[in-house]
Amino acid sequence: LAAFMAPATLFGWYNPSGDPGLAGGGLGWPFTAIVLILAIMGQMVIAGLAIGWTGSVGAALAHAFKRVWGVLGTVLLVFVPLTIVLALMLGLVVGGAGITDATQVTPEALTAIPGFAPLLLGMMLVFLFAAVRLFPMAVVGMLETANPVRIVARCWQLTRGNFFRLPGTLLLILVASIVASIAVAAVVGSLVTIVSGAPEPFSVSALLVALVDALVGAMISAISAVLVGRIYAQLSA
């Protein structure tokens with residue numbers, strides 16, 4: 001509740017669109033960052049509890065707050081360089097096709113560029129590979145070290161020889177999250193709109209939709225955190 005549901009509910013109530021760039025008051029991105037940090041802390045705490053954390057929940061939260069910056073550093077250490085490389089490669093391909101005006105960049109124009117689709121698919125596979133190899137980083141950050149370099153090395157060690165067993169679990173979590181969000185938006189959002197009107201910031205409609213969406217998301221996040229914890233226990237045995 002503290003790490004997943006409450007922050008997500010407040011953010012959805014404040015910004016029903018879900019797009020940080022459309023949030024009023026210029027607080028969309030800072031609020032998003034806070035929600036993300038609390039969600040990572042929640043993953044760390046629940047995963048730790050799932051494999052035998054011996055202290056209180058409060059102590060686990062305090063410990064996760066100290067260590068979450070190492071996990072965030074790990075994400076930045078790995079995925080920022082990958083994103084920069086992807087952007088440069090896509091820029092070279094698009095520029096090589098003679099597209100220099102931003103107004104010319106459309107889905108149709110991009111798919112018509114030779115080699116664009118294979119490059120995009122290849123980079124998606126690279127990101128998936130990195131995500132799988134870093135699968136247990138929340139637990140490693142919680143129980144072992146807050147050093148991003150050591151977290152990467154430890155995750156690499158844990159997942160060595162088990163790579164092809166992990167993508168299914170990762171994709172299952174992602175698919176469940178996407179399907180649940182779509183279902184909430186389609187069913188609950190429609191019913192609330194009929195009864196209370198379209199969701200607007202700080203309206204009853206926005207609060208109801210955000211509350212249900214956050215509840216479903218919290219359930220999936222908690223279950224996935226337990227899965228990560230138990231998988232870490234198996235990998236490290």
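A pocket is an open set of points on a 1 Å grid over the protein atoms alone, where a 1.4 Å probe fits and protein lies on both sides within 12 Å along at least five of seven lines; its lining residues have an atom within 4 Å of a point. This is a predicted model, in which local features need pLDDT of at least 70, side-chain atom pairs count only at pLDDT 80 or more, and totals for linings use all residues. Residues are numbered from 1 along each chain as its sequence is written.

**View 1. The centre of the largest pocket.** This pocket holds about 1,900 Å³ of space, a volume being the space filled by probe spheres set on points joined across faces, edges and corners. Its lining counts 49 residues. Leu36, Ala39, Gln43, Ser177 and Ser221 lie nearest the centre.

**View 2. Helices around the largest pocket.** Elements giving two or more residues to this lining include α2 (28-50), α8 (167-196) and α9 (204-236). Helices are DSSP runs (H or I, at least four residues), numbered from the N terminus. The top contributor is α9, with 12 residues.

**View 3. Residue classes in the largest pocket.** The lining divides into 38 nonpolar, 10 polar and 1 charged. Here Ala, Val, Leu, Ile, Met, Phe, Trp, Tyr, Cys and Pro are nonpolar, Asp, Glu, Lys and Arg are charged, and the others, Gly among them, are polar.

**View 4. The second largest pocket.** Its volume is about 150 Å³. Among its lining residues are Leu1, Phe4, Gly42, Ile46, Leu61 and Ala222. α2 gives the most, 4 residues. By class, the lining has 11 nonpolar, 1 polar and no charged residues.

Methods
Heavy atoms only, no water.
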